[in-house]
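Have a look at the structure first.

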Amino acid sequence: NIETLSKEQILTATEETLRRFGIAKTSVTDVAKTLNVSHGTIYRHFKSKAELLEGATEKWLNETIIAPLTAVYEDRSLKGSDSLKTYIQTLITLKRSSAHHEKELFEMYAKVTEEAGDLIEQHVNRMTNQMSEIIKRSDLQASAPDRLAHSIFFATTRFHHPSHAYEWDSPTIDQEFLDLWELLERGFLNKK
């Protein structure tokens, strides 16, 4: 029933359509065809293709990135800097896996990253807020947990930001992360 078509159903159909056609060839009409409705029905929920892609990106980020990171955040068996390191390594693994196994949706995310600053800012804030809470509940002696969380997030950007995806297949990338982490950890563990 067209009247009960939800945003969630439209976003799920958008993901299916993106997987089939890729971001460059997916249109609002394609999404409508997947749902057997007119494109006008889609426009009742989303004002433009850009807004539709933003919605699909937000859904994808929440399910693919934030949900697994939240599990790491909530894991109280991890302590101190190990918890923070596991959080960042999980983020890196999730992004790499998406770039390799969900290419079309990762491309959508990369494109929206360039165009939807508010959405990406909210996404980054969710992650850095979780990192800040990890710092606060751990044995890390950080005087400014929020600043430390942001600093660590942005220092590791090369390993998880979509604009660096072309570097992720480098045979030295894992060691480069470990080298950077050792440097960061030495800095924030020794700072009083």
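Let's start with Glu-58, which sits in helix α4 (helices, H or I of at least four residues, are DSSP runs numbered from the N terminus, as are strands, E of at least two). This is a predicted model, so local features need pLDDT of at least 70 and side-chain atom pairs count only at pLDDT 80 or more, while totals for chains, interfaces and linings use all residues. Residues are numbered from 1 along each chain as its sequence is written, and side-chain values use heavy atoms, with hydrogens and water left out.

Glu-58 counts as partly exposed because its relative accessibility is 31% (buried is under 20% relative accessible area, exposed over 50%, partly exposed in between, with a 1.4 Å probe and protein chains only). On the surface, Glu-58 gathers with Glu-54, Asp-118 and Glu-121 in a patch of negative charge. A patch takes residues with over 30% relative accessible area and no salt bridge, joining like charges within 9 Å and nonpolar side chains (Val, Leu, Ile, Met, Phe, Trp, Tyr) within 5 Å. Asp and Glu count as negative, Lys and Arg as positive, and His and the chain ends are not counted. Helices α4 (49-74) and α7 (117-137) each supply at least two residues of this patch.

Now for the salt bridges (a side-chain nitrogen of Lys or Arg within 4 Å of a carboxyl oxygen of Asp or Glu). The count comes to 10. Here are three of them:

| Pair | N to O distance |
|---|---|
| Glu-15 and Lys-59 | 3.6 Å |
| Glu-102 and Arg-19 | 3.0 Å |
| Glu-63 and Lys-59 | 3.1 Å |

What does the salt bridge between Glu-15 and Lys-59 tie together? Glu-15 lies in helix α1 (residues 7-21) and Lys-59 in helix α4, so the pair joins parts that are 44 residues apart in sequence. Glu-15 counts as buried, at 7% relative accessibility, and Lys-59 is buried too, at 10%.

Glu-102 is partly exposed at 24%, and so is Arg-19 at 38%.

Lys-59 turns up again with Glu-63. Both lie in helix α4, four residues apart, or about one turn of the helix. Glu-63 is partly exposed, with a relative accessible area of 43%.

Finally, Glu-8, Glu-15, Arg-19, Lys-59, Glu-63 and Glu-102 are linked in a network of salt bridges.

Definitions and conventions: Areas by Shrake-Rupley, 256 points an atom, 1.4 Å probe, with all protein chains shown as cover. Charge placed at Lys NZ, Arg CZ, Asp CG, Glu CD.
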